[in-house]
Amino acid sequence: CGILSLIMIQVPLYFLTRTSTTTRPTPAMWLLSTSWPTWIFLNRPFTNGLETMWLAVVLQVVKNTVASSTLYQIRMFTLGVLFAVAIFTRFTFLFFGSPTLLLVILRTSSTTRNLIRTGGLCLAGFIVASLTLVSADMIYYGGEYK
């Protein structure tokens, strides 16, 4: 768990802070450091720590998406996948991650057509990952719910 935490929290934090040219924290650093998962849930069970790791990864993808338009479609699809995995890990991620997702969708969409395309890419990633996770869950548990 320690290695996973190092990879999933510290690496995104490194990249979030690496590009900063001032001593002031970036908005992404403020979001992560003042979020409920970071302040409260890291002192709690394993899934809470996983929730924080997913939030750090989402913030890194959002930062890259807003900063550069290259690989835009892949990043938006990836955000959908990340949200599905994070919500599957812990449903409360929906409350912490939604403002970030709405921000990136609204910020990168200048027209209604772009808004629909961006939302569709995120939704497609979410659906693909959700179906994959549900299928894996059903295979693991034998498809029986008792």
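Colleague: Thr-92: buried or exposed?

Modeller: Thr-92 counts as buried, because its relative accessibility is 15%. Buried means under 20% relative accessible area, exposed means over 50%, and partly exposed is in between (1.4 Å probe, protein chains only).

Colleague: What kind of model is this, and how are the residues numbered?

Modeller: This is a predicted model, where local features need pLDDT of at least 70, side-chain atom pairs count only at pLDDT 80 or more, and totals for chains, interfaces and linings use all residues. Residues are numbered from 1 along each chain as its sequence is written, and side-chain values use heavy atoms, with hydrogens and water left out.

Colleague: Thanks! Where does Thr-92 sit?

Modeller: Thr-92 is in the loop between α5 and α6. Helices here are DSSP runs (H or I, at least four residues), strands are E runs of at least two, and both are numbered from the N terminus.

Colleague: What does its side chain make a polar contact with?

Modeller: The side chain of Thr-92 makes a polar contact with the side chain of Glu-51, at 2.8 Å. A polar contact is a pair of N or O atoms within 3.5 Å; within protein, one must be able to donate a hydrogen and the other to accept it, and residues adjacent in sequence count only if both atoms are side-chain atoms.

Colleague: Which residue forms a salt bridge with Glu-51?

Modeller: Arg-90 does, and the closest N and O atoms are 3.6 Å apart. The pair links distant parts of the chain, with Arg-90 in the loop between α5 and α6 and Glu-51 in helix α4, 39 residues apart. The rule asks for a side-chain nitrogen of Lys or Arg within 4 Å of a carboxyl oxygen of Asp or Glu. By this rule the count is one salt bridge.

Colleague: Why can such side chains pair at all?

Modeller: Side chains of opposite charge can pair when their charged atoms come close. As for cover, Glu-51 counts as buried because its relative accessibility is 1%, while Arg-90 is partly exposed at 24%.

Colleague: What does Val-58 touch?

Modeller: Leaving out residues up to four places away in sequence, Val-58 touches Leu-79, Leu-82, Phe-83, Phe-93 and Thr-100. Contact means heavy atoms within 4.5 Å. Thr-100 is in helix α6, and with a relative accessible area of 9% it is buried.

Colleague: Last one: which residues make the nonpolar surface patch?

Modeller: Phe-91, Leu-94 and Phe-95 make that patch of about 360 Å². Patches use residues with over 30% relative accessible area and no salt bridge; like charges are joined within 9 Å and nonpolar side chains (Val, Leu, Ile, Met, Phe, Trp, Tyr) within 5 Å. Accessible areas come from the Shrake-Rupley method with a 1.4 Å probe, and for residues only the protein chains shown count as cover. Phe-91 lies in the loop between α5 (72–89) and α6 (93–108), and at 59% relative accessible area it is exposed.
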